[in-house]
Amino acid sequence: MELRSTAGGYIWEDSIQRSWDVVQEDAGGSLAGVVAELVQAGKRKRLHYDTTPLQRGIIRHLILVLDLSMSMSEKDLRPTRYQLSISYAIQFVTDYFEQNPISQLGIIGMRDGLANLVSQLGGNPTEHIGALQALRKQEPSGDPSLQNALEMARGALYHVPSHGTKEVVIIFGSLLSCDPGDIHKTVGTLKAEHVRVRIVGLAAEVAICKEICRRTNQGDSTSTYGVILNEQHFRELLLASCTPPASTKQKSSASLGSDLMRMGFPSRIVETSPSFCACHSRLIKGGYICPRCKVKVCSLPTECPACGLTLILSTHLARSYHHLMPLRNWDEVDWNDAKKVSSCFSCLLPFPTAPSSVPRFRVSVSGSTTNVTATAASAIATGGASGRFRCPSCRQLFCIDCDLFAHEVMHNCPGCEAAAGGRKLSNGQAATEVSMATTNAYLS
Amino acid sequence: MNAVDGSSHVPQVGFASELEQELPSLLVLILDTSPLGWGTQSPPISLHEAVASLLIFINSHLALNHSNEAAVIASHTNCIKYLYPVPGEDYSILAPKSTVTSGTESSEEMIPNGQSNGDNGTPNDASMYRQFRVVNESVMKQLELLLSGTSTSDIEHNGKISDTTLISGALSTSLAYINRLVGGVNDNGPKLRARILVVSVCSDLASQYVPIMNCIFAAQKMKVPIDICKIGNNTVFLQQAADTTGGVYMHLEHPRGMIQYLMTAFLPDRALRKHLVLPTQSSIDFRAACFCHKRIVDIGYVCNICLSIYCQPPADGSCAICDTIFDPKELADLLKKPVVVTTTVPKTKTKKKKKKDSDATPNFTPGP
Amino acid sequence: MSIPRFRTSINDYLEGLPEPVLIRLYYSPATCLAIFRLLPAMAQLFIMTMLFNDKPLEATDLNGWVQDGSTPKQYEALEKLRGMHLIKESQGTISLQKTFRAGLRNALTGGDHNNSFGIPCNTEDKHKVDIKFLDEHANNQWELILHFMVGTDTGKVPNNGVLSLLRHSGLMEGSAPSNMLITNAGFQFLLQDVNAQIWTLLLQYLNMSEDLQMDAVEVLHFLFMLGSLELGQDYSLVALSPTQKIMLDDLRDYGIVYQRKSSSRRFYPTRLATTLTSDTGALLTASASMDSAISQKERETGFVILETNFKVYAYTDSPLQIAVLNLFVHLKSRFVNMVAGQISRESVRKALSNGITADQIITYLTVHAHPQMRKSIPLLPPTVVDQIRLWQLEMERMKIVEGYLYSDFSSKNEYDVIAGYAHDLGVMAWEKPNKRMFFVTKEGNQQIVDFVRRKVHGGA
Amino acid sequence: MPRAVKGVLVECDPSIKALIINLDSKNHNVVLADLDDEHLVIEERMVEHVKRELDSQLAENTFKPAELDDIQRK
């Protein structure tokens, strides 16, 4: 937490800033404009994506560790920390597999000083969600043990091939850890095995958590260890782990991190009578045939239950491309440039019209959790948000909702796609090459 | 007197009303207006005939439910264009005959409000339902503007007529439009059910693979089915779009009977489709082609950094696309095969060059 | 709520019309379109499939097109189409009724020259009115009727046409305006939303029009046309028939259209008219209808406080609201700005026996809950809500289904075939295979009888 | 050849059924067929009569706190 204020002293030494002092009425004496801008600023906040096309570990192996100890029965989160954590964990599982279709996930719970396996490392979201749902009926109890959980996670990730990432995400509600041995040694082995740990704290910052994150993430604990402010922030911190991590150990010559994976692209079969699938032994019509051992599986992606070949569809690979080719951030447009266009390029939402004389005051939110009022005072500028956002390559204007939608869901810029030049401009050059090669391949 | 009888409140046997069907639906029609597709390839139906059928189709869609909505987007060769609704025009309230309210740039394009008993046979006011008239007139008018505004230089590319159609742009735009109309605005749950119908005449464009895939996944996430009405060659991308999102893919064998296809296969909305046996695609090719030799493979090797697919581990031990150097030990594992004496491929070749003539490179491809 | 109820009623009315009358109706494309919208989705689809297909449809094709589990829907759709005489069946093929087909085609393609969608005035109106005025006009007229029904003293009495309609429809009783009293049906009417109320009245109007020697076809044409008009546009009287001109006078009294004076050559439809055939964009939503019908001010805030001990406090002095509350609350004391009462078994039973449902009561209480109540979640005390529902269940000790009991089957096979058919049609109400008996609904009986004849006699 | 009988199917709990059977026991003009514990087929024209009778019988057997309340106050 940043305790220093802009003036140099501690925050509590500053003169009091009252939130109602900085909020300004607009020309008509109404607060509506300011409120609308606050809402917009909030939306906008989530938009600061890193858009450099980083090499990312697309094949992920992640262990989600849930604190199931007594401290989770606190009711500072509604309905309880325990229930909310499970709800968010379910959401995490869904989002994780949506964004990382060829990755694996496992879940571990910490209770009574022990680490319990909730679900095995696997690629089927429904199994994990089922296991989490079953947890709902249990009660939190005892103390958590970080060391036990980390050791168990390490064991689960031990056999992971070198091309995959090894990650641990911990939801930690306690302020203590009840460990059987020296946790620092465990952290050392984790570091040696390239396991990265991220922690979401629900109560207060704990030194050992910070230490774990710092040591397993090359000294970076600010982006990997977060303590929540509220429910919304909890969700944001947790779901941030859905994005694949940038590979950091890449440039070390003939690196350990990258290699080829053998994968099967099974063909779909249509059957008139049902037959058993090899994965769940259920009678189903149709399915996919493993190209190596000709066994039938019912859903993809999966690992062939007979020969262990990773089975995927080419569409699953395509699902991960947007991580490799992120969409560039769009710029806010000020009133001076804004007047020409009256509606959003993609959804036709009419833009707010320019204020006639007095420029409206603007409240902007910078950083993730900075309080609004502090920045608001300094951000009263003449420009003002016009509610328009411009894609730097196609120069089209969009509304905030389309901005969010394009960056979070679609990963396309409608404007760039609608120009004859196409994709080349909207994403990094390296990425274009990939996309060209990919698409050529699919067309042949 | 009916006190002891509960049957008045209980739905009749077999006549249970389904309220979920009452949810109105939004249809976004994407019309491929590529001149090459309609012109040179000379499909057995002209653009105007197709548009006539489509307008009737849109009217039928609007007729199903009073609250149904429609939007039409043209996917042209060098731009996309909303044919309906047109930004800056307010359709909800009838514009007074003389005064044009909107001061926007599009005001000079304002439709002459049904008064033109016009040259292209615009029907007069009393003969057509208002909602239909507004949509039809807008589509015709905007389409004409679009086509007349297209010059030869727009469609020519390196001396030959461009075969581009911006389907990916049109899909992206329509999804953004759907996103605004269906989500966000109203917090009381979705008030509309959206779907997309693409009328496509062109074949796939390699450069649009990734954006189209992105659109498909976005549509899948938003539960928006993408229907494809295909005239001319089949397209793999759009087949996948229909398959992934649960839409209907239909290749018109007799495009002249388009209206019948539209009415039968594409008109029912999602609620109704549950009850129908709709045309399905028997086979979609999901197999991948390798990047190095364009072979269709069923077991391939995938670079874990850029996800490019190879039919065999690259000879120089590095990825041709992203230059990643693979772990030699792991590579060796993958290559475990009966050892054949080979000459090593010179490593001096640049990546680009190698990629180009990789087909020709006499690797250890076994002869027939 | 409004749409299903309205659909049933207008559908029932239409289905009750003889075939020649219906066919006359189908001459107007606007009417075709409006009727088309009233049909179930499956029926709409069948029509659309046949609309541009010159060949008649094979009935077997239809069976192959519908999913196996959805046969009841198919049956329902076809039954509806038959009921409205929209399809002709012969030798296993189905084709669309010609007039309807032409009418709907015209509606969709704009090839109609009957002016069934109304002729706008092409001259400028010197006394032009805007939409706001129209809304106000509609509101005032409609309010006047509602106020009269609950006996609010507004100093104005609706026209005779309205009065006789209210009397005719059984919403009020009494011979002279001064002694007319609201009936139970009238109270139920008040609980409906505006759209449903209008249709209730219009249907009564239709019934009455027959007695007045007015042509029902003309009346329906006009009503359906009104539904397709544009708000804010003025329309010419030129194309209207004499009957429709007479109607215009009546509709003006209800606030459905606006005419500056009865001799005026133009009329404006109000929002009540343009939303006749729609379910959205109505002037007032179902929930807010009552409030706003009475007073614009009260629309925003609720006024009812319901306590867990079944006591009700309503901060209102509106006679209409008090009258409505009195339907299901045992009112005990009245103050200047508030009434207090108690929900009891008897009071709820009284309401239920008047045909008001528990859900209606609960919805009413929810919608009108005082802002103070909105702080608690759930809004209404669950005990009270549950109890009201229980009281309703208590009233419904039995369910009755009219129909036919089939028994004395000669063989298990015969039973299975016929029972299976009844299942497919979705008309099976009860069955007991080991006794070889089953019960089908009245609606499905004819099909079963035909089927049995075909099977037994055809087979024999 | 199957036989079809016109009637009204009544679905109710056994207690109500017992009451209906009891009604029938006087003249035997109500019940057409006794199907099972919860189903009966009765004569169509007797439906209103049955409802009325049931209503009055049920009303007799109900405890009425509201009335009690009123009585006490008096």
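Modeller: Strand β4 (residues 165–172) of chain A has eight of its eight residues buried, so it is largely enclosed by the rest of the structure. Mind that this is a predicted model, where local features need pLDDT of at least 70, side-chain atom pairs count only at pLDDT 80 or more, and totals for chains, interfaces and linings use all residues. Residues are numbered from 1 along each chain as its sequence is written, while chains are lettered from A and ligands numbered from 1 in the order in which they are written.

Biologist: Why is β4(A) called a strand, and how do you know which strands it pairs with?

Modeller: Strands are DSSP runs of E with at least two residues, helices are runs of H or I with at least four, and both are numbered from the N terminus. Pairing takes at least two DSSP bridges between two strands. Strand β1 (residues 60–67) of chain A pairs with β4(A) over seven bridges in the parallel sense, with His61(A) opposite Lys166(A). Seven bridges also join β4(A) to strand β5 (residues 195–201) of chain A, again parallel, and there Ile171(A) has Val200(A) as bridge partner. So both pairs pass the cut-off.

Biologist: What makes the β-α-β unit of β4(A), helix α6 (residues 183–192) of chain A and β5(A) right-handed?

Modeller: Point the strands away from you: the path from the first strand over the helix to the second runs clockwise, and that is what right-handed means. The unit made by β4(A), α6(A) and β5(A) is right-handed, so its path goes clockwise in that view.

Biologist: On to chains C and D: what counts as contact there, and how many residues take part?

Modeller: Contact means C-beta atoms, placed from the backbone, within 7 Å. By that test, 25 residues come from chain C and 23 residues from chain D. β13(C) gives the most to the chain C side, with 10 residues. β13(C) also pairs with strand β1 (residues 3–12) of chain D, antiparallel, over 10 bridges, and Ser407(C) stands opposite Arg3(D).

How values were computed:
Buried ≥ 20, exposed ≤ 12 C-beta atoms within 10 Å, placed from the backbone. Contact = placed C-beta atoms within 7 Å.
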